[in-house]
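Biologist: I'd like to learn how to read a few features in this one. Could we start with charged pairs?

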Amino acid sequence: MWASIVLAALTVHLNCLGITAVSPWNPQAAKQPLPQFPVPRDPQQPVISGEKCRVDDVDKVPCGEPGLDAAQCGAINCCFDGQQCYYGRTVTVQCTIDGQFVLVVARDTTLPRLSLDSISLLGGSDAPCSAVDSNADFAIYQFPVTACGTRAMELGDYVVYENKMSSSYEVGVGPLGAITRDSHYELYFQCRYADTTVAALAVQLVPNNPPLPVAASGPLMVELRLGSGQCVTKGCVQAQAAYTSYYSDADYPVTKVLREPVYVEVRMLGRTDPNIALVLGRCWATSSPDPFSIPQWDLLVDGCPYQDDRYLTTPIPVDGSSGLQFPSHYKRFVLKMFTFVDPASMAPLQERVFIHCSTSVCQLTAADSCEPRCSRQRRDVTATKSSHVLVVVSSGEVLYIKPQTAPPQLN
């Protein structure tokens with residue numbers, strides 16, 4: 001059973017330039033801007049307001065005292081369905097009159113969804129800093145402003161209490177690099193008090209890296225490009241529709257959220273011989289356009305999915321049903337978007353990746369289909385013996401971005 005929490009009524013205005021709070025007890029004090037953390041925010045971060053309140057009835061967490069009307073509910077940045085006030089699908093920070101932090105975290109705050117079990121505060125995740133209640137979609141934290149590693153400081157007539165919420169993430173470590181496909185969320189938040197005045201402030205860490213130039217194609221008329229097609233009809237298969245259109249040079253950097261599919265195609269150009277086939281050797285990703293830079297993460301090894309990746313890269317067959325004139329001149333695969341991680345500090349290192357593949361040409365015969373046999377315990381690579389030297393071909397920049405989620409709600 002969810003417990004209702006008595007909250008101080010506040011009206012909060014949030015925008016890209018700053019955050020201010022207006023207290024109904026002392027409007028004059030609110031004319032001074034609240035102190036802000038020296039943390040950058042991305043002004044291009046989109047805000048989705050309508051999505052915040054789309055919560056199934058069974059998952060709704062009551063917000064505030066029973067009997068609040070729509071205006072009172074909105075004043076504490078919660079949602080109202082005509083009958084009850086409840087928390088939205090975001091992170092909501094609130095301060096109580098009796099000196100308590102209230103932090104309500106929705107799993108849908110990020111894409112991919114947050115692991116609610118991975119959330120911790122400055123003082124750790126043990127009691128009393130653990131969630132006081134939770135369900136499949138929400139976790140509630142309530143603790144004194146003097147607990148859980150909270151830092152206190154005096155600012156004029158105010159006493160300010162600040163803490164930080166962060167989520168952990170799983171890291172895959174390979175011989176040449178480390179990656180993660182989990183969301184990483186950090187939120188600094190404050191409560192400040194002066195007599196009967198209470199206010200809150202939160203700033204989300206949102207890095208904003210500028211895009212870099214697009215890498216060039218390989219020199220032997222081999223091209224790597226990313227599919228951009230979308231399913232628009234019922235029963236459509238996304239893995240097929242993705243290759244109906246492609247990103248152009250002007251579209252880079254291509255932006256993706258973590259675990260979002262990235263559809264890759266490698267093709268030979270200017271060849272009309274149906275008896276030759278394109279062969280992929282190793283495909284990998286780097287954080288810079290240089291294919292030989294470190295860190296690296298393997299996607300395909302000898303044309304087969306890299307087995308030490310929890311999210312295996314998936315080859316997509318290209319045959320006569322594709323409608324291509326020379327289907328053997330094409331190779332396609334799909335990977336799940338990730339970001340590189342520093343293996344020493346386990347901190348996200350780069351928000352961008354470049355995809356590279358070593359390619360060669362194989363002569364098709366009755367005894368040789370030029371396809372690797374990935375199902376065997378030991379890969380059979382004799383079928384992929386090439387008649388040309390290996391050529392490395394690279395993609396343009398694929399940029400990991402924060403998902404389109406609502407900002408934290410502050411009271």
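Modeller: A salt bridge here is a side-chain nitrogen of Lys or Arg within 4 Å of a carboxyl oxygen of Asp or Glu. Side chains of opposite charge can pair when their charged atoms come close. Before the cases, note that this is a predicted model, where local features need pLDDT of at least 70, side-chain atom pairs count only at pLDDT 80 or more, and totals for chains, interfaces and linings use all residues. Residues are numbered from 1 along each chain as its sequence is written, and side-chain values use heavy atoms, with hydrogens and water left out.

Biologist: How many salt bridges turn up in the whole structure?

Modeller: The search finds 16. Take Arg89 and Asp108, whose closest N and O atoms are 2.9 Å apart. Arg89 sits in the loop between strands E4 and E5, and Asp108 in the loop between E6 and E7, 19 residues apart. Strands (E) are DSSP runs of at least two residues, numbered from the N terminus.

Biologist: Is Asp108 buried or exposed?

Modeller: Buried means under 20% relative accessible area, exposed over 50%, and partly exposed in between (1.4 Å probe, protein chains only). Asp108 has 17%, so it is buried, while Arg89, at 24%, is partly exposed.

Biologist: Which parts of the chain does the Arg310 and Glu170 pair tie together?

Modeller: Those two side chains meet in a salt bridge at 2.6 Å, N to O. Arg310 is in the loop between E21 and E22, and Glu170 is in the loop between E11 and E12, so the pair links parts 140 residues apart in sequence. Arg310 is exposed at 61%, and Glu170 is partly exposed at 43%.

Biologist: Now sheets. In what order do the four strands of the open sheet come?

Modeller: Strands count as paired if DSSP finds at least two bridges between them. In this sheet the order is E16-E18-E23-E22, with antiparallel pairing. E16 and E22 are at the edges with a single partner strand each, so one side of each has no neighbour in the sheet. Five bridges pair E16 with E18, seven pair E18 with E23, and three join E22 to E23.

Biologist: Why is E23 called largely enclosed?

Modeller: Six of its seven residues are buried, so the rest of the structure largely encloses E23.
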